[in-house]
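Work through the exercises below with the sequence and the model open beside you. Each task is followed by a solution that goes step by step.

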Amino acid sequence: LDLLNRSVENFPQRDLRVLIDFNSRTSDYSVKVSLILPGKTLVASDHNAVLHAAYEKCLAILQENVKAYKDQLGQVSERQKQEKGTHQELIPLTPV
């Protein structure tokens, strides 16, 4: 949880919600974690017979999603294309 907290500490709004259910029919836990950030809500879920394992898996998925969201906000892929020289500018055929 500390790693996730450090990843989102600079966002002005960050709200983490955790929903845990036990399914008596299958004897497993269902964990759903939602992280509300400005402009996007990131969600991860997992099922496991061990509650802590499902929770940790959700946090790992959420951490990956936070990294992808931050990359999207910083337009990392576009900067990487420009650095490699593979960026192609789109030019309209008709004047605007």
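Two strands pair if DSSP finds at least two bridges between them, where strands (E, at least two residues) and helices (H or I, at least four) are DSSP runs numbered from the N terminus. This is a predicted model, in which local features need pLDDT of at least 70 and side-chain atom pairs count only at pLDDT 80 or more, while totals for chains, interfaces and linings use all residues. Residues are numbered from 1 along each chain as its sequence is written, and side-chain values use heavy atoms, with hydrogens and water left out.

**Exercise 1. Describe the order and pairing of the strands in the open sheet.**

Step 1. Three strands make up the open sheet, in the order β1-β2-β3, and their pairing is antiparallel.

Step 2. At the edges lie β1 (15-23) and β3 (40-48), each of which pairs on one side only. From one strand to the next, the twist averages 10°, with axes being lines fitted to C-alpha atoms (for helices over the stretch in contact) and angles running from 0 to 180 degrees between N-to-C directions.

Step 3. Between β1 and β2 (residues 28-37), the antiparallel pairing extends over nine bridges; Ile20, for instance, has Val31 in β2 as its bridge partner.

Step 4. Helix α2 packs on this sheet and touches β1, β2 and β3 (contact means heavy atoms within 4.5 Å), and the direction of α2 makes about 155° with that of β3.

**Exercise 2. Find the two salt bridges of the structure and examine their residues.**

Step 1. Apply the criterion: a salt bridge is a side-chain nitrogen of Lys or Arg within 4 Å of a carboxyl oxygen of Asp or Glu.

Step 2. Lys67 forms a salt bridge with Asp71, and here the closest N and O atoms are 3.0 Å apart. Because Lys67 and Asp71 are four residues apart in helix α2 (residues 51-73), about one helical turn separates them.

Step 3. Lys67, at 52% relative accessibility, counts as exposed, whereas Asp71 is partly exposed, its relative accessible area being 29%.

**Exercise 3. How far apart are Lys67 and Ser7 in sequence and in space?**

Step 1. In sequence, Lys67 and Ser7 are 60 residues apart.

Step 2. In space, the C-alpha to C-alpha distance between Lys67 and Ser7 is 7.8 Å.

Terms used
Buried means under 20% relative accessible area, exposed over 50%, partly exposed in between (1.4 Å probe, protein chains only).
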